[in-house]
Amino acid sequence: MARRPCQAPDCRSWALETGWCWRHCPTRADERRAAAAKGGRVTALHAERRKLSTPKALVQFVSGLMLDTLAGRVDPKVCNALINAANAQRALLESSELEARLSALEARQPRQPNGRQRWGA
Ligand SMILES: [Zn+2]
(Lines give C-alpha, C1' and ligand atoms only; values in the text may rest on other atoms or scores of the structure.)
Protein backbone atom coordinates (compact mmCIF):
# COMPACT_ATOMS: atom_id res chain seq x y z
CA MET A 1 0.00 0.00 0.00
CA ALA A 2 1.47 3.35 -1.06
CA ARG A 3 1.88 5.91 1.69
CA ARG A 4 -0.26 8.98 1.35
CA PRO A 5 0.25 12.34 3.03
CA CYS A 6 -2.18 13.53 5.70
CA GLN A 7 -5.15 15.38 4.23
CA ALA A 8 -4.92 18.27 6.75
CA PRO A 9 -3.69 21.47 5.08
CA ASP A 10 0.04 22.11 5.57
CA CYS A 11 0.57 18.81 7.37
CA ARG A 12 3.62 16.93 6.13
CA SER A 13 3.03 13.70 8.07
CA TRP A 14 2.12 10.39 6.47
CA ALA A 15 -1.52 9.43 6.73
CA LEU A 16 -2.86 6.44 8.59
CA GLU A 17 -5.46 4.23 6.92
CA THR A 18 -8.04 6.93 7.74
CA GLY A 19 -6.36 9.46 5.44
CA TRP A 20 -5.23 11.59 8.39
CA CYS A 21 -2.04 11.47 10.40
CA TRP A 22 -2.17 10.64 14.12
CA ARG A 23 -2.25 14.33 15.08
CA HIS A 24 -5.11 15.21 12.74
CA CYS A 25 -7.21 12.06 12.74
CA PRO A 26 -10.67 13.02 14.09
CA THR A 27 -11.26 9.55 15.56
CA ARG A 28 -8.11 9.74 17.67
CA ALA A 29 -8.90 12.92 19.63
CA ASP A 30 -9.35 11.01 22.92
CA GLU A 31 -6.07 9.20 22.43
CA ARG A 32 -4.34 12.54 21.76
CA ARG A 33 -5.87 14.15 24.84
CA ALA A 34 -4.69 11.28 27.02
CA ALA A 35 -1.21 11.54 25.54
CA ALA A 36 -1.21 15.32 26.05
CA ALA A 37 -2.22 14.96 29.70
CA LYS A 38 0.49 12.36 30.22
CA GLY A 39 2.97 14.64 28.42
CA GLY A 40 2.02 17.48 30.75
CA ARG A 41 2.75 15.38 33.80
CA VAL A 42 6.02 14.21 32.34
CA THR A 43 7.09 17.78 31.52
CA ALA A 44 6.25 18.87 35.06
CA LEU A 45 8.33 16.03 36.47
CA HIS A 46 11.26 16.96 34.26
CA ALA A 47 10.90 20.58 35.40
CA GLU A 48 11.23 19.39 39.00
CA ARG A 49 14.57 17.84 38.24
CA ARG A 50 15.94 20.58 36.03
CA LYS A 51 18.11 23.18 37.73
CA LEU A 52 16.36 26.51 37.40
CA SER A 53 18.97 28.44 39.31
CA THR A 54 19.87 31.06 36.73
CA PRO A 55 17.72 33.66 34.94
CA LYS A 56 18.76 32.08 31.64
CA ALA A 57 17.58 28.62 32.74
CA LEU A 58 14.28 30.13 33.91
CA VAL A 59 13.75 31.95 30.60
CA GLN A 60 14.39 28.72 28.70
CA PHE A 61 12.05 26.80 30.95
CA VAL A 62 9.22 29.34 30.68
CA SER A 63 9.63 29.63 26.89
CA GLY A 64 9.45 25.86 26.50
CA LEU A 65 6.49 25.70 28.83
CA MET A 66 4.57 28.30 26.82
CA LEU A 67 5.25 26.49 23.55
CA ASP A 68 4.31 23.12 25.06
CA THR A 69 1.08 24.62 26.39
CA LEU A 70 0.21 26.19 23.03
CA ALA A 71 0.87 22.86 21.33
CA GLY A 72 -1.47 21.11 23.81
CA ARG A 73 1.32 19.07 25.40
CA VAL A 74 0.89 20.75 28.79
CA ASP A 75 -2.40 21.33 30.58
CA PRO A 76 -3.02 25.11 30.93
CA LYS A 77 -3.63 24.61 34.69
CA VAL A 78 -0.22 22.95 35.04
CA CYS A 79 1.28 25.78 33.00
CA ASN A 80 -0.32 28.36 35.30
CA ALA A 81 1.01 26.71 38.44
CA LEU A 82 4.50 26.42 36.94
CA ILE A 83 4.48 30.07 35.82
CA ASN A 84 3.63 31.07 39.42
CA ALA A 85 6.49 28.93 40.69
CA ALA A 86 8.83 30.42 38.08
CA ASN A 87 7.86 33.91 39.29
CA ALA A 88 8.67 32.98 42.87
CA GLN A 89 11.98 31.51 41.72
CA ARG A 90 12.77 34.70 39.78
CA ALA A 91 12.17 36.81 42.89
CA LEU A 92 14.46 34.52 44.92
CA LEU A 93 17.17 34.69 42.27
CA GLU A 94 16.89 38.48 42.20
CA SER A 95 17.24 38.81 45.95
CA SER A 96 20.18 36.40 46.10
CA GLU A 97 21.84 38.32 43.28
CA LEU A 98 21.31 41.57 45.19
CA GLU A 99 22.73 39.94 48.30
CA ALA A 100 25.83 38.84 46.38
CA ARG A 101 26.33 42.32 44.92
CA LEU A 102 25.88 43.94 48.33
CA SER A 103 28.37 41.57 49.92
CA ALA A 104 30.88 42.37 47.17
CA LEU A 105 30.40 46.09 47.80
CA GLU A 106 30.73 45.64 51.57
CA ALA A 107 33.91 43.61 51.13
CA ARG A 108 35.47 46.59 49.39
CA GLN A 109 34.61 48.99 52.23
CA PRO A 110 37.09 49.53 55.09
CA ARG A 111 35.89 48.03 58.39
CA GLN A 112 33.90 50.34 60.62
CA PRO A 113 35.53 51.40 63.94
CA ASN A 114 33.16 49.10 65.86
CA GLY A 115 34.44 46.17 63.87
CA ARG A 116 31.19 45.65 62.05
CA GLN A 117 31.41 45.05 58.38
CA ARG A 118 27.82 44.30 57.59
CA TRP A 119 24.61 45.91 58.59
CA GLY A 120 22.98 44.06 61.43
CA ALA A 121 25.90 41.66 61.69
ZN1 LIG B 1 -1.77 15.65 9.68
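This is a predicted model: local features need pLDDT of at least 70, side-chain atom pairs count only at pLDDT 80 or more; totals for chains, interfaces and linings use all residues.
A nonpolar core is a set of buried Ala, Val, Leu, Ile, Met, Phe, Trp, Tyr and Cys residues joined through C-beta atoms within 7 Å.

**View 1. The largest nonpolar core has five residues.**
Its members are Phe 61, Leu 65, Val 74, Cys 79 and Leu 82. Two helices, α2 (55-70) and α3 (76-108), each supply at least two residues of this core. Across the protein, 7% of the 121 residues are buried.

**View 2. The protein is built from three helices and has zero strands.**
Read from the N terminus, the order of elements is α-α-α. Among contacts between residues at least 6 apart in sequence, 33% join residues at least 24 apart.

**View 3. Helix α2 has a buried side and an exposed side.**
α2 consists of 16 residues and spans 22 Å between its first and last C-alpha atoms, close to the 22 Å expected at 1.5 Å a residue. Which residues of α2 are buried? They are Phe 61, Leu 65 and Thr 69. Viewed down the axis of α2, these buried residues fall within an arc of 65°, so they line one face of the helix. Lys 56, Ser 63, Leu 67 and Leu 70 are exposed on the other side of α2. Two of the buried residues named here, Phe 61 and Leu 65, also belong to the core of View 1. Just after the helix, Gly 72 has a positive phi of about 85°.

**View 4. Helices α2 and α3 are in contact.**
Two packed helices are described by the angle between their axes and the distance between the axes. Here the axes of α2 and α3 come within 11 Å and cross at roughly 170°. An angle over 145 degrees counts as roughly antiparallel, and α2 and α3 are therefore roughly antiparallel to each other. On the α2 side, the contact is made by Pro 55, Leu 58, Phe 61, Val 62, Leu 65 and Thr 69. On the α3 side, Pro 76, Cys 79, Leu 82, Ile 83, Ala 86, Gln 89, Arg 90 and Leu 93 take part. The core residues Phe 61, Leu 65, Cys 79 and Leu 82 are among the residues that make this contact.

**View 5. Helix α3 is hardly covered.**
α3 has 33 residues, and its first and last C-alpha atoms are 48 Å apart, close to the 48 Å expected at 1.5 Å a residue. How many of its 33 residues are buried? The count is two.

**View 6. Asp 10 has a positive phi.**
Asp 10 lies in the segment before α1 (29-49). Most residues other than glycine have a negative phi. The phi of Asp 10, which is not a glycine, is near 65°. Is Asp 10 buried or exposed? A residue with 12 or fewer other C-beta atoms within 10 Å counts as exposed; Asp 10 has 5, so Asp 10 is exposed.

**View 7. Glu 17 also lies in the segment before α1.**
Glu 17 has 8 other C-beta atoms within 10 Å and is therefore exposed. Its C-alpha atom is separated by 9.9 Å from that of Cys 6, eleven residues away along the chain.

**View 8. Lys 38 is part of helix α1.**
Lys 38 counts as exposed because it has 11 C-beta neighbours inside 10 Å. Lys 38 and Arg 73 are 35 residues apart along the chain, and their C-alpha atoms are separated by 8.3 Å.

Methods: Residues are numbered from 1 along each chain as its sequence is written. A residue is buried if 20 or more other C-beta atoms lie within 10 Å of its own, exposed if 12 or fewer, and partly exposed in between; C-beta atoms are placed from the backbone. Helices (H or I, at least four residues) and strands (E, at least two) are DSSP runs, numbered from the N terminus. The expected span of a helix is 1.5 Å times one less than its number of residues. The arc is that of the directions from the helix axis to the C-beta atoms. Axes are lines fitted to C-alpha atoms, for helices over the stretch in contact, and angles run from 0 to 180 degrees between N-to-C directions. Angles under 35 degrees count as roughly parallel, over 145 as roughly antiparallel, 65 to 115 as roughly perpendicular and the rest as oblique. Two residues are in contact if their C-beta atoms, placed from the backbone, lie within 7 Å.
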